[in-house]
Amino acid sequence: SNYVNQYVGITVSDGADVSSTGHISINTDADVELSAIANANHGGLFSGGALKSKNELVRTVAININSGAKLVSKSGSIGITAEGGRYDHIETRTSGSSGGLVSIDAGMNASTKYASDTFINIQKGTSIAADKGSVSIYAYVSANDIKNSLESSTGGAVAVMTGHADAEVCADGSSNNHFSAVINIGTEGSGDKAKITGRKVDIYAGIRNLEIYDKVQISAGGAGGAAKSFATVTFYLNAEVNIGDVKISAPERVSIKSSGTPVNAGRHIDVYTNSTFSGLFGKVTTESRFVLPGMVPLNICTNINSGADIESGDICIDSIDFAVNASVRYDYQRNAAAGKSVLAFNNVTGTGKTVLSDGARIAVYQDNEGIDVYVDPDGNLTVSGPSDLIRTSKHAESKTISFSEIKAASAAKIYIGANIRQDLSGVRFEAYIHIPYLKVINDSEYN
């Protein structure tokens with residue numbers, strides 16, 4: 001049996017001023033390697049007893065950037081990443097056999113309890129600026145390489161064998177549910193709006209790696225008895241981005257996403273049970289489950305709250321559904337006279353949602369160069385820069401030159417996805433074209 005309580009954190013304190021001509025990276029991560037193996041063999045006229053193996057992990061990974069802190073990269077990019085469990089290896093294995101005249105097992109169990117929270121908290125009054133590069137803020141949670149297994153056999157004249165393998169990816173042993181990747185920006189602290197600027201700004205909270213294997217194989221033989229196998233993966237997820245009192249500005253792109261879909265490919269969840277009874281009279285029971293803990297739903301949400309101010313040439317705000325490659329299977333072999341009870345059950349689904357609150361502003365714009373206009377002595381015009389954005393007219397009779405309205409054509413766009421079901425009348429949506437200057441040199445007699 002193993003129990004690990006792990007905390008890894010970084011804090012950028014109030015008033016800290018970090019400036020660089022190159023890149024700035026603030027990264028924290030935590031991983032564990034655990035192994036709990038129980039093995040026993042029984043013999044004699046009567047054999048029985050309980051055999052258990054258990055691993056339990058409670059982990060928090062956090063980055064806190066407090067009010068008044070400044071991060072400035074003059075020529076490079078700024079990366080802020082908090083990650084838990086990407087390279088975890090956790091094995092929980094129970095195995096045994098008994099061969100007495102009467103073999104009654106009191107219950108074999110392999111149990112893994114896994115709680116992991118990843119947080120990034122950026123308070124109001126902070127400033128994060130990459131003048132020529134990008135800003136990335138990533139919070140990842142993983143349940144990587146978790147192997148939970150139980151294997152047992154018995155061969156007494158009367159044999160009853162029961163095995164449970166339970167992988168709880170959520171529980172910390174106190175009924176609280178923890179499997180989270182959460183980013184909070186401008187939701188607490190003091191001072192003015194938090195400010196985040198760069199050529200690109202990417203904010204993402206979700207699952208990096210998910211690989212859980214839960215397996216039970218039970219075999220029993222004899223004149224009578226039972227073989228019972230139960231495997232359950234219990235799962236909970238909180239992937240959340242909360243944007244509060246903050247100004248986010250990037251000419252090329254702003255992407256804000258929460259996601260319930262793992263980054264890694266391959267099989268994410270594998271639950272398997274197998275019960276074999278080879279005696280004359282008995283029963284096989286096999287159950288495989290991939291379930292939510294009670295009535296607790298999966299929470300995958302991107303919240304744009306009042307006070308949020310987002311400007312960019314390309315804005316994407318999204319929340320990606322929970323989607324995994326899961327296999328939930330059972331198998332059994334029995335004597336023709338033996339009864340059976342079998343079940344394979346998977347009820348884990350989760351839909352991402354995006355919430356935009358009254359008082360938020362989302363502005364999309366196209367950033368352009370300035371426009372230079374030269375008028376020669378004959379009144380002829382030469383326009384340099386994005387000339388397609390402005391219309392000019394020469395009027396010989398009145399000796400005047402006029403400039404008409406700037407065209408409202410733009411390649412900028414806004415994408416907001418993930419199950420929005422709300423009144424957006426209190427959210428300000430704006431679109432504009434940014435021209436830093438209009439300079440006119442007139443060497444003619446025209447006005």
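Residues are numbered from 1 along each chain as its sequence is written, and side-chain values use heavy atoms, with hydrogens and water left out. Since the model is predicted, local features need pLDDT of at least 70 and side-chain atom pairs count only at pLDDT 80 or more, while totals for chains, interfaces and linings use all residues.

The cores come first. A nonpolar core is a set of buried Ala, Val, Leu, Ile, Met, Phe, Trp, Tyr and Cys residues joined through side-chain atoms within 4.5 Å; buried means under 20% relative accessible area, exposed over 50%, and partly exposed in between (1.4 Å probe, protein chains only). The largest such core has 84 residues, and those touching the most other members are Ile 80, Ile 137, Ile 203, Phe 235, Leu 237 and Ile 243. With nine residues, strand β15 (residues 200–220) gives the most to this core. Strands here are DSSP runs (E, at least two residues), numbered from the N terminus. Another core, of eight residues, lies apart from the largest one and includes Ile 371, Val 375, Ile 390 and Ile 433.

Next comes the sheet. Strands β30, β29 and β35 form an open sheet in the order β30-β29-β35, with mixed pairing; two strands pair if DSSP finds at least two bridges between them. Its edge strands, β30 (381–384) and β35 (438–442), each pair on one side only. Strand β29 (residues 371–375) runs parallel to β35, and five bridges join the two. One of the residues involved is Val 373, whose bridge partner in β35 is Val 440.

Most residues other than glycine have a negative phi. Asp 145, not a glycine, has a positive phi of about 50°. Asp 145 belongs to strand β11 (residues 134–154) and is buried, at 15% relative accessibility. Lys 399 also has a positive phi, near 55°. Lys 399 sits in the loop between β31 (392–395) and β32 (400–403) and is partly exposed, with a relative accessible area of 38%.

At 36% relative accessibility, Asp 321 is partly exposed. Asp 321 and Gly 260 are 61 residues apart in sequence, yet their C-alpha atoms are 5.3 Å apart. Residues in contact with Asp 321 (heavy atoms within 4.5 Å) include Thr 261, Ile 300 and Thr 351. A polar atom of the Asp 321 side chain lies 2.7 Å from the backbone nitrogen of Gly 352.

How values were computed: Helices (H or I, at least four residues) and strands (E, at least two) are DSSP runs, numbered from the N terminus. A polar contact is a pair of N or O atoms within 3.5 Å; within protein, one must be able to donate a hydrogen and the other to accept it, and residues adjacent in sequence count only if both atoms are side-chain atoms. Lists of a residue's contacts leave out its neighbours within four places in sequence.
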